[in-house]
Amino acid sequence: MHINESEVEVTAIRAQGAGGQHVNKVSSAIHLRFDIWASSLPEDVKERLLCLSDHRITQEGVVVIKSQEHRSQDMNRIEAFARLHDLVKSVAKPPKKRKPTKPTYASQLRRLDSKKKASAIKSNRARVL
C-alpha cells in the first residue's frame with residue numbers, strides 16, 4: 001500500500017510534558033490527519049479501516065496520529081507516517097475465510113468421559129441413607 005503525502009495533513013505542534021526552557025518555544029510534535037474517504041486507497045481497504053475499533057479513527061473517518069516521542073520534528077514526522085503505514089498495512093490483506101470443522105470422534109469420547117467422571121464425583125457427594 002502506498003499513501004500519497006498530498007492526502008495527509010501534517011501540522012507541527014508543541015509537545016506536551018516536562019521539558020526545559022527550549023520546549024516552550026519549539027513545535028517539535030507532529031499532528032497527522034488522514035481522511036480515509038478522500039484517499040486513493042481501494043474501497044475494500046477503506047471499509048476494513050473504518051470497521052476497526054481504533055481510538056485514532058474518528059466518527060467522520062479521519063485517522064488522527066500524534067507523534068511526540070523524539071526531540072526533532074523530522075523524526076516525529078517519520079514516526080507518524082510509519083504508524084499510519086502500519087495501520088493501513090494491518091487491513092490491506094483481506095481476512096481469511098473460516099473453514100467450519102467438527103470435533104474428532106476421539107475428542108467427543110474424551111469430553112463425554114470427563115463428564116461421566118464429574119457426574120460420578122458429584123453423585124458420591126450425596127447423603128448416605
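Predicted model: local features only at pLDDT ≥ 70, side-chain atom pairs only at ≥ 80, totals over all residues.
Helix α2 takes in residues 73-92. Within α2, the residues Asn76, Ala80, Leu84, Leu87, Val88 and Val91 are buried. They cover an arc of only 110 degrees around the axis, and therefore they lie on the same side of α2. The face of α2 that is turned away from the buried side carries exposed residues, namely Asp74, Ile78, Asp86, Lys89 and Ser90.

What, then, covers the buried residues of α2? The cover includes the strands β1 (8-13), β2 (29-35) and β3, together with the helix α1 (43-51). For α1, the arrangement can be described through the two helix axes, which come within 9 Å and cross at roughly 110 degrees. An angle from 65 to 115 degrees counts as roughly perpendicular, which means that α1 is described as roughly perpendicular to α2. On the α1 side the contact is made by Val45, Arg48 and Leu49, while α2 contributes Leu87, Val88, Val91 and Ala92.

Strand β3, which runs over residues 62-67, holds serine 67. Is serine 67 buried or exposed? Its relative accessible area is 0%, and because buried means under 20%, serine 67 counts as buried. The side chain of serine 67 reaches the backbone oxygen of asparagine 76 at 3.2 Å, and asparagine 76 is itself one of the buried residues of α2. When neighbours within four places in sequence are left aside, serine 67 is in contact with Ala29, Ile30, Asn76, Glu79, Ala80 and Arg83.

Two alanines lie elsewhere in the model. Alanine 38 is placed in the loop between β2 and α1, and it is exposed, with a relative accessible area of 57%. Although alanine 38 and valine 62 are 24 residues apart along the chain, their C-alpha atoms are separated by 9.4 Å. Alanine 120, by contrast, belongs to helix α3, which covers residues 105-123, and at 35% relative accessibility alanine 120 counts as partly exposed. From alanine 120 to leucine 109 there are 11 residues in sequence and 16 Å in space, taken from C-alpha to C-alpha.

Conventions
Residues numbered from 1 in each chain as written. Heavy atoms only, no water. Helix = DSSP H or I, 4+ residues; strand = E, 2+ residues; numbered from the N terminus. Buried < 20%, exposed > 50% of the residue type's maximum accessible area, 1.4 Å probe, protein only. Polar contact = N/O pair within 3.5 Å; in protein donor to acceptor, adjacent residues only side chain to side chain. Contact = heavy atoms within 4.5 Å. Expected span 1.5 Å × (residues − 1). Arc of directions from axis to C-beta. Axes fitted to C-alpha atoms, helices over the stretch in contact; angles between N-to-C directions. Parallel < 35°, antiparallel > 145°, perpendicular 65-115°, else oblique.
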